[in-house]
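Welcome! Take a moment to look over the sequence and the 3D view before reading on.

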Amino acid sequence: MKLDIVTIFPEYFAPLDISLLGKARRAGVLDVRVHDLREWTHDRHRTVDDTPYGGGPGMVMKPDPWGEALDALAPSVPGTPPGTILPPPGGGLSTPPVLDEASPATSEDASGPVPRLIIPTPSGRPFTQADAVRYAAEPWLIFACGRYEGIDSRVAEEARTRMPVDEVSLGDFVLAGGEVAVLVMVEAIGRLLPGVLGNADSVTDDSFAPGAMESLLEGPVYTKPPVWRERPVPDILLSGHHGAIARWRRDEALRRTARHRPELLSRLAPEALDKNDRAVLREAGFPVDGEGMAD
């Protein structure tokens, strides 16, 4: 997978060289390239922002540097022959496949993969584990790290004419910039790529994982020693009875979800709940048996 990240703070992404993602980069599983937006400015102060039209506090990121950055990373310029690459002002970037200006905004084009542009913003739709799974199947993602009051809205509008564009949010809060959000998303996506995790099966029991855990939180986990500060590991986990352990983990996931994120349980299909599930949820105080499960 190829990832291009555009930011005014390239140094923010040093953590991508460590841990699992660092190993994935060195192994060639993940190709991450970080680009300084200021390389596409042309004034002595390398200006990337200006005052907002209509007044109000704060500054807005100018469209010109962003437009030039996207042109350089994923060229699609009227009159440009197929195969022509537009180099960035500072040089040093790779030469991705060129899109014909008539190409549809899909992930594959006749001339090669089309990038998906992801813009983190508190006004976007929530980023979920399902999104991470979907993005992990893409060949090429471009992340645009906004700052100040955000990026001029025309940048996303223009980009949609030549590539898919997603505006996503990490939650109901505001950050100083998109860099932290991009780090979070890259880790969530990168760990799902084949060969990144030591045990690929470990993602199936994650909170929110597609399948049985899609609307559930993972339950408590334990390791050695069996007793720590007079607190023992639950006996069932030491029993070796795999079926009983799986049932215990399912029950604990239901209980934890009811306690911390009860709104997730409303997404569970009533017909997918067995007798034991219903008993656990009833004990946890969550309505079952037609008492508002889907409301």
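## The chain as a whole

Please keep in mind that this is a predicted model. The protein chain has eight helices and eleven strands. Of its 295 residues, 41% count as buried.

Among contacts in the protein chain with a separation of 6 or more, 67% are between residues 24 or more positions apart. The accessible surface of the chain comes to about 16000 Å², and carbon and sulfur atoms hold 54% of that area.

## Helix α5

Now find helix α5, residues 179–190. Its twelve residues should span 16 Å at 1.5 Å a residue, and this agrees with its end C-alpha atoms, which are 16 Å apart.

How many of the twelve residues of α5 are buried? Nine of them are, so the helix is mostly covered. The buried residues are E179, A181, V182, L183, M185, V186, A188, I189 and G190. Their cover includes the helices α1 (19–27) and α3 (129–136), along with the strands β1 (2–7), β7 (116–126), β8 (140–144) and β9 (165–169).

## A closer look at E179

E179 is one of the residues of α5. Is E179 buried or exposed? With a relative accessible area of 0%, E179 is buried, because buried means under 20%.

Which residue meets the side chain of E179 in a polar contact? The partner is T7, whose side chain lies 2.6 Å away in that contact. Leaving aside residues up to four places away in sequence, E179 touches T7, I8, F9, Y12, F13, C145, G146 and R147.

Notes. Residues numbered from 1 in each chain as written. Predicted model: local features only at pLDDT ≥ 70, side-chain atom pairs only at ≥ 80, totals over all residues. Heavy atoms only, no water. Helix = DSSP H or I, 4+ residues; strand = E, 2+ residues; numbered from the N terminus. Expected span 1.5 Å × (residues − 1). Buried < 20%, exposed > 50% of the residue type's maximum accessible area, 1.4 Å probe, protein only. Contact = heavy atoms within 4.5 Å. Polar contact = N/O pair within 3.5 Å; in protein donor to acceptor, adjacent residues only side chain to side chain. Areas by Shrake-Rupley, 256 points an atom, 1.4 Å probe, with all protein chains shown as cover.
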